[in-house]
Amino acid sequence: MPRRRSLTSQLYRAARISNNARAASRGPAAYGRRVVRRKVYAKSMGATGKLLRLFGLK
């Protein structure tokens, strides 16, 4: 049986799906910009997390 997701996790997932759909409705360029922006943000936060772990702050 799969683990149950928290309410917060479900709400964030619903918001992400909604925003993806909204960007897609504006066309492929808008959706592409969103995808790139999310990838850049994820990479940046990954680097920040590594730096915090290095100093023992995370």
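Leucine 51 lies in helix 2 of this predicted model, where helices (H or I, at least four residues) and strands (E, at least two) are DSSP runs numbered from the N terminus. With a relative accessible area of 46%, leucine 51 is partly exposed; buried means under 20% relative accessible area, exposed over 50%, and partly exposed in between (1.4 Å probe, protein chains only). In this predicted model, local features need pLDDT of at least 70 and side-chain atom pairs count only at pLDDT 80 or more, while totals for chains, interfaces and linings use all residues. Residues are numbered from 1 along each chain as its sequence is written, and side-chain values use heavy atoms, with hydrogens and water left out.

**Surface patches**

- Leu51, Leu52, Leu54, Phe55 and Leu57 make a nonpolar surface patch of about 560 Å².
- Patches are made of residues with over 30% relative accessible area and no salt bridge, joining like charges within 9 Å and nonpolar side chains (Val, Leu, Ile, Met, Phe, Trp, Tyr) within 5 Å.
- A salt bridge is a side-chain nitrogen of Lys or Arg within 4 Å of a carboxyl oxygen of Asp or Glu.
- A patch of positive charge on the surface gathers Lys39, Lys43, Lys50, Arg53 and Lys58.
- Lys and Arg count as positive and Asp and Glu as negative, with His and the chain ends not counted; the place of a charge is taken as NZ of Lys, CZ of Arg, CG of Asp or CD of Glu.
- Lysine 43, one of the residues in the positive patch, is found in helix 2 (residues 28-54) and counts as exposed at 66% relative accessibility.

**Overall form**

- The protein has 2 helices and 0 strands.
- Its radius of gyration, taken over C-alpha atoms, is 16 Å, well over the 10 Å that the globule rule gives for 58 residues, so the protein is more spread out than a compact globule.
- The globule rule is 2.2 Å times the number of residues to the power 0.38.
- Along the principal axes, the C-alpha atoms fill a box of roughly 45 × 35 × 15 Å.
- Of the 58 residues, 10% are buried.
- The accessible surface comes to about 5,500 Å², and carbon and sulfur atoms account for 60% of this; accessible areas come from the Shrake-Rupley method with a 1.4 Å probe, and for residues only the protein chains shown count as cover.

**Individual residues and separations**

- Glycine 27 lies in the loop between helix 1 (7-25) and helix 2, and is buried at a relative accessible area of 16%.
- Glutamine 10 belongs to helix 1 and is partly exposed, its relative accessible area being 39%.
- Glutamine 10 and serine 44 are 34 residues apart along the chain, and 24 Å separates their C-alpha atoms.
- Glycine 46, in helix 2, counts as partly exposed at 31% relative accessibility.
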